[in-house]
Amino acid sequence: MVRSPESPVLSISGLVKDVGPLPTLDGKMLRVVSGLSLVAERGQVTALLGANGAGKTTTIECAQGLQKRTHGSISLLGEDPDTAGAGLRSRVGVMLQDGGLPPSARPIPLLKHIAGMYQNPWPVGELIDRLGIGAFSRTSVRRLSGGQKQRLALAAALVGNPEVLFLDEPSAGLDPQSRQLVFGLISELRNRGMGIVLTTHLMDDAQRLADYVYIIDAGRNVAEGTVAQLLQHPLPPDAGEQHIRTLLFEADPGLDFTGVLPDGVDVTEARAGSYAATGALTPADLAAITAWWAARGIMPRSLSLEARSLEDVFLDISGREIR
Amino acid sequence: MTRDSAALGSAPSGSALPARPLGGAPAPLLRRIVLQGRYETATMLRNGEQLILAVVLPLLAMVGLTVTPLLDGFGASRINVAVPGILALCAMSTAFTGQGISTGFDRRYGVLRFLSTTPLGRTGLIAGKVLAVLAVLSLQVLVVTAVALTLGWQPDPQGWAPALAVLVLGAAAFTALGLLVAGTVRPEATLAITNLLWILLGALGGIVIPAEKLPALLQSIVHFLPSGALGQAMRDAFLSGSVNPGSVLVLLLWTAIAGGAATRWFKWN
């Protein structure tokens, strides 16, 4: 995918963030982010992919104005988040990693309260319907499940009808149904032109949702590109036989592949009509899927077989040692 | 590539959101602050433990002081000496202990960070808290006054204006101190510190029991404590209709110092 020439919603250049002084480092400062740059566009999901502690949350918190950067420049909708006021904050929605919702609050009064902070908020009832919040509307935040909390936090981030949406680990604690619901809404909002910036340590999230991925390691961006571009990252010289393969193809949206491929091969539709089948694919599996297409008269618009998943690329780039 | 909202299949509940152009605008500043003040007031009033601290304990203390000889010897009835200090105690309950604890836990749960990303912002958040303290304090004054009048309280009519002004100043000093504690230590520590200080200052800080009745060692220092200054200024107002400039100065200094320190050292996460 070509990055649009339109002015980006978020542009970070040479971001450095030191924290401390820390007693565990003999009172020295710890450099959490060191020279990170990225750009996020309207109508795209931009993912910051990295292990825990890579500096993803610190980076987006600097962009949200929640943390002051040490060096570098950040432009969010053309403004500096450190000095911007309520005008900028009303155009940006934030879902924090820990939710940030008061434990004693009940979902509907809380959403209505937050809606009151905006001139033309998104009607709360529409968000409640779309995110299935009605089912737990009388339960206080502290008694909600992880998935319910995440859905409520997403509604709270959206109630101002933002142009930019920040999601810090949006799939944390999501059950499969909530995940489907949340991912569906993220795609829907992206398609309406919202610029969405999310962090994740899950390759699957990035592969399913992201238009553009920045791989973050030890406070820097070590690789970037669309998922397809990253999958073409050269193999390291010591790479052995790759058993996991990904079949990428484009066809009509909404196809149901249940029963066509064996268990262990996971088919996802990252965007409408854009499919990825990942697993230990065999020649017989390829025969099965092409036979299924033939029986239904389906001709894929594109078709490619990748020897690796994003996870392999990630590990090749950021190293396989445990840290 | 089609940009179809059917990506990832349809959601299990709810259909696509109705079309709406993106882009928000903030509600006016005053409206945001009033909304936040109202929300925090409702939260405080729903909290049973806080209501005990805010209303029940001060009323019990008031009754206790009228049936014991602790406040004898001031040339005024026990109830007339007791009530101004009880109102001062109410300010300390709500502004320092209640507000401190709720802010400490809001900080732990990320509520302060989330709200500061909305148009409310950090300034609006603090302003909303101050408003909530004043709203709850107003209700406390109404309840305590009503009970005190039935117990025979006879305030100097000239005392109301200076007393209420001093009470607001005292609430400002204690709000600043409560925010300073809540913003610098863990919420469990805030809970312990603000409750312990409430008991210590309530009993020995010159707030309900005038300095003259305290051990000699304490007498010289309580006038410089926010509790002692507020208690003394309230008694001067309601017993003789006068303003105590020394106490007002002490409260102003505490407000400025604690407010400055909270601004400097408050950690939002």
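A residue is buried if 20 or more other C-beta atoms, placed from the backbone, lie within 10 Å of its own, exposed if 12 or fewer, and partly exposed in between. The model is predicted: local features need pLDDT of at least 70 and side-chain atom pairs 80 or more, while totals for chains, interfaces and linings use all residues. Residues are numbered from 1 along each chain as written, with chains lettered from A and ligands numbered from 1 in written order.

Q: Is Gln67(A) buried or exposed?
A: Gln67(A) is found in the loop between α1 (56–64) and β4 (71–76) of chain A. Because 22 other C-beta atoms lie within 10 Å of Gln67(A), this residue counts as buried.

Q: Which residues does Gln67(A) touch, not counting those up to four places away in sequence?
A: Contact here has C-beta atoms, placed from the backbone, within 7 Å. Asp82(A) is 15 residues from Gln67(A) in sequence, and their C-alpha atoms are 8.3 Å apart. The residues that Gln67(A) touches, leaving out those up to four places away in sequence, are Lys17(A), Thr58(A), Glu61(A) and Cys62(A).

Q: What share of the residues in chain A is buried?
A: The C-alpha trace of chain A spans about 60 × 50 × 40 Å along its principal axes. Among contacts in chain A between residues at least 6 apart in sequence, those that join residues at least 24 apart make up 71%. Of the 323 residues in chain A, the buried share is 47%.

Q: In what order do the strands of the three-strand sheet lie?
A: Strands pair if DSSP finds at least two bridges between them. α1(A) lies across β1, β2 and β4 of chain A. The sheet is open and antiparallel, with the order β2-β1-β4.

Q: Which are the edge strands of the six-strand sheet?
A: This open sheet of chain A has mixed pairing and the order β5-β6-β7-β3-β8-β9. Each edge strand pairs on one side only; the two are β5 (92–95) and β9 (220–225) of chain A.

Q: What is the bridge partner of Leu165(A) in β7(A)?
A: β6 (residues 164–168) and β7 (residues 195–200) of chain A run parallel and are joined by five bridges. Helix α6 (residues 176–191) of chain A packs on the sheet and touches β3 (45–49), β6 and β7. Leu165(A) has as its partner in β7(A) Ile196(A).

Q: Which residue in the turn between β11(A) and β12(A) has a positive phi?
A: β11(A) and β12 (residues 274–279) of chain A pair antiparallel over five bridges, and Thr268(A) is partnered by Ala276(A). The two strands form a hairpin with two residues between them. The positive phi, about 80°, belongs to Gly273(A).

Q: Which element gives the largest share of the side of chain A that touches chain B?
A: In total, 52 residues of chain A are in contact with 39 residues of chain B. Elements that give two or more residues to this side of chain A include α3 (107–115), α4 (124–130) and β11 (266–271). The largest share, nine residues, comes from α6(A).

Terms used:
Helix = DSSP H or I, 4+ residues; strand = E, 2+ residues; numbered from the N terminus. Contact = placed C-beta atoms within 7 Å. Axes fitted to C-alpha atoms, helices over the stretch in contact; angles between N-to-C directions.
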